[in-house]
Amino acid sequence: MFSRRSRQRALGLVASSSLVAAGPCDIYSSGGTPCVAAHSTTRALYSSYSGALYQVQRGSDSATTTISPLSAGGVANAAAQDTFCANTTCLITIIYDQSGNGNHLTQAPPGGFSGPEANGYDNLASAIGAPVTLNGQKAYGVFVSPGTGYRNDVTSGVATGDGAEGMYAVFDGTHYNGACCFDYGNAETNNKDTGDAHMEAIYYGDSTTWGTGSGSGPWIMADLENGLFSGLSADQNTADPSITYRFVTAIIKGESNQWSIRGGNSASGSLSTYYSGARPSGYNPMHKEGAIILGIGGDNSNSAQGTFYEGVMTDGYPSDATENSVQANIVAAKYATSSLTSGAALTVGSTVKFQATTSGYTDRYLAHSGSTVNTQVVSSSSSTALKQQASWTVRAGLGNSACYSFESVDTAGSYIRHYNFALQVGASDGTKQFKEDATFCPQTALNAKGTHAIRAWGYPTRFFRHYNNVGYAASNGGVQTFDATSSFNDDVSWVVSSGFV
């Protein structure tokens with residue numbers, strides 16, 4: 001059944017200017033399955049939409065602002081965010097629903113699992129962790145680190161029970177892990193596991209706890225609660241391929257005893273169907289509850305990671321033809337990567353030193369004593385050993401070559417990494433986890449004295465910080481002592497220059 005607001009959207013399409021191409025939700029409306037929720041931090045999903053896409057909050061004074069498209073139906077005004085967040089940090093606090101149903105996504109509360117923030121809430125995402133361009137125009141996605149999640153438990157128009165629905169999302173195909181569960185879609189309203197068939201959400205990652213596809217992943221699967229499904233059973237479906245695309249379109253849709261997985265490259269080409277058939281045993285009928293989640297499981301399982309750019313949920317089971325037209329629209333948006341760094345570029349193979357800029361500490365440099373990263377007083381008269389401990393070789397990022405890793409000069413093969421958000425020096429063990437934890441993205445310093453702040457790639461809310469002369473990956477406010485807001489901008493800003501040796 002069409003909601004009143006969805007019907008108004010469909011009628012609005014008829015009256016809208018033909019100068020703006022139909023958006024994904026216009027296409028769904030024309031296909032008889034209107035959007036009941038439409039979320040994106042990168043662009044408007046209706047040709048006539050010019051309202052708020054998302055809200056950011058800055059660390060300097062906790063002020064907020066909303067980011068809207070540059071024009072109706074257009075790309076987000078990233079410049080407005082950049083201006084508002086200059087010389088401080090920003091978090092994404094609200095992802096607005098463009099459908100008119102008010103199904104906005106906000107910080108996820110605790111449930112079966114608690115989050116890492118105060119009172120068990122999940123973390124909010126950095127506003128700058130996932131820069132992209134659409135048709136050459138800059139925008140930002142939602143970079144979900146483990147512990148990050150968004151939710152709405154009181155929704156309007158979202159399918160419940162065995163009601164028919166569809167959903168798609170555009171994800172970063174290279175950002176994932178095997179933890180539970182990087183989801184977008186329909187979930188429980190009490191934030192707890194209420195049993196089989198109480199969810200219907202898109203999952204993306206390489207978890208092998210339940211179902212799998214072919215190869216080693218990552219895969220598009222459905223989180224139906226108490227199981228990730230790639231097909232008829234929580235087993236392997238070899239028709240569900242491992243994904244290699246940088247931008248991936250992921251689709252799940254379901255109706256009475258029928259559901260499908262579809263997917264494709266968001267940057268080019270068409271969709272493929274990876275499964276279409278009956279529900280798994282015990283999942284017909286469904287008992288969907290109608291909450292909406294992003295980045296987490298229905299019970300607030302929050303150990304997964306991924307990046308979200310846009311997604312919608314529909315009233316009714318969309319046709320393949322409608323979804324094919326939506327895919328064509330996504331391809332036409334021309335998603336492309338953008339620089340993860342700013343400020344003066346570092347040279348791979350060079351050696352650097354990091355000088356503190358906090359008043360009273362400017363004679364101290366980032367160094368290490370064994371595995372512990374700290375700051376030490378270093379000068380031209382210091383020993384060669386200390387100078388080596390405070391010098392770092394710049395390498396291409398082990399976890400993402402668009403950023404950097406920093407190898408110890410005096411301990412070849414060992415790198416700065418964060419572990420439980422303390423900075424350490426350790427030998428690479430070759431794992432995906434180590435590589436990601438040892439990858440950092442320099443950006444322009446947050447104060448006027450430094451040249452760079454050094455952001456953790458996998459946790460873009462966190463930066464190299466000296467606190468009590470020890471090195472941490474710290475956020476601007478948080479539950480850890482080293483996340484204190486006092487002198488944060490100075491403590492995370494460094495003068496990066498040629499190494500001592």
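These legends accompany close-up views of aromatic pairs, charges over rings and disulfides in a predicted model.

**View A. Tyrosine 184 meets phenylalanine 308.** The model holds 21 aromatic pairs. In the pair shown here, tyrosine 184 and phenylalanine 308 have ring centres 5.1 Å apart and planes at 40 degrees, so the arrangement is tilted.

**View B. Phenylalanine 354 meets tryptophan 494.** Here is an edge-to-face pair, with 6.5 Å from centre to centre and 80 degrees between the planes of phenylalanine 354 and tryptophan 494. Because phenylalanine 354 sits in strand β22 (residues 351–356) and tryptophan 494 in strand β33 (residues 493–498), the pair ties together parts that are 140 residues apart in sequence. Phenylalanine 354 is buried at 0% relative accessibility, and tryptophan 494 is buried with a value of 0% too.

**View C. Charged side chains over rings.** Look for arginine 246 over the face of phenylalanine 247, at 4.5 Å from the ring centre. In a second example, lysine 353 lies over the face of phenylalanine 500, at 5.1 Å from the ring centre.

**View D. The disulfide of cysteine 85 and cysteine 90.** The model has four disulfides, and in sequence order their cysteines pair as 1-2, 3-4, 5-6, 7-8. In this one, the sulfur atoms of cysteine 85 and cysteine 90 are 2.0 Å apart. The S-S torsion is about -100 degrees, so the link is left-handed. Cysteine 85 is buried at 9% relative accessible area, as is cysteine 90 at 7%.

**View E. The disulfide of cysteine 180 and cysteine 181.** The sulfur atoms of cysteine 180 and cysteine 181 lie 2.0 Å apart, and -90 degrees about the S-S bond makes this link left-handed. Which of the two cysteines is partly exposed? Cysteine 180 is, at 25% relative accessibility, whereas cysteine 181 is buried at 1%.

**View F. The disulfide of cysteine 403 and cysteine 441.** An S to S distance of 2.0 Å joins these cysteines, and the torsion of about 90 degrees makes the disulfide right-handed. Cysteine 403 lies in the loop between β25 (392–396) and β26 (404–408), and cysteine 441 in strand β29 (residues 440–444), so the bond ties together parts that are 38 residues apart in sequence. Cysteine 403 is buried at 1%, and cysteine 441 is also buried at 1%.

Notes
Residues are numbered from 1 along each chain as its sequence is written. This is a predicted model: local features need pLDDT of at least 70, side-chain atom pairs count only at pLDDT 80 or more; totals for chains, interfaces and linings use all residues. Side-chain values use heavy atoms; hydrogens and water are left out. Rings of Phe, Tyr and Trp (its six-membered ring) pair if their centres lie within 6.5 Å; planes under 30 degrees apart count as stacked, over 60 as edge-to-face and the rest as tilted. Helices (H or I, at least four residues) and strands (E, at least two) are DSSP runs, numbered from the N terminus. Buried means under 20% relative accessible area, exposed over 50%, partly exposed in between (1.4 Å probe, protein chains only). A charge sits over a ring if NZ of Lys or CZ of Arg is within 6 Å of the ring centre and within 35 degrees of the ring normal. A disulfide is a pair of cysteine sulfur atoms within 2.5 Å.
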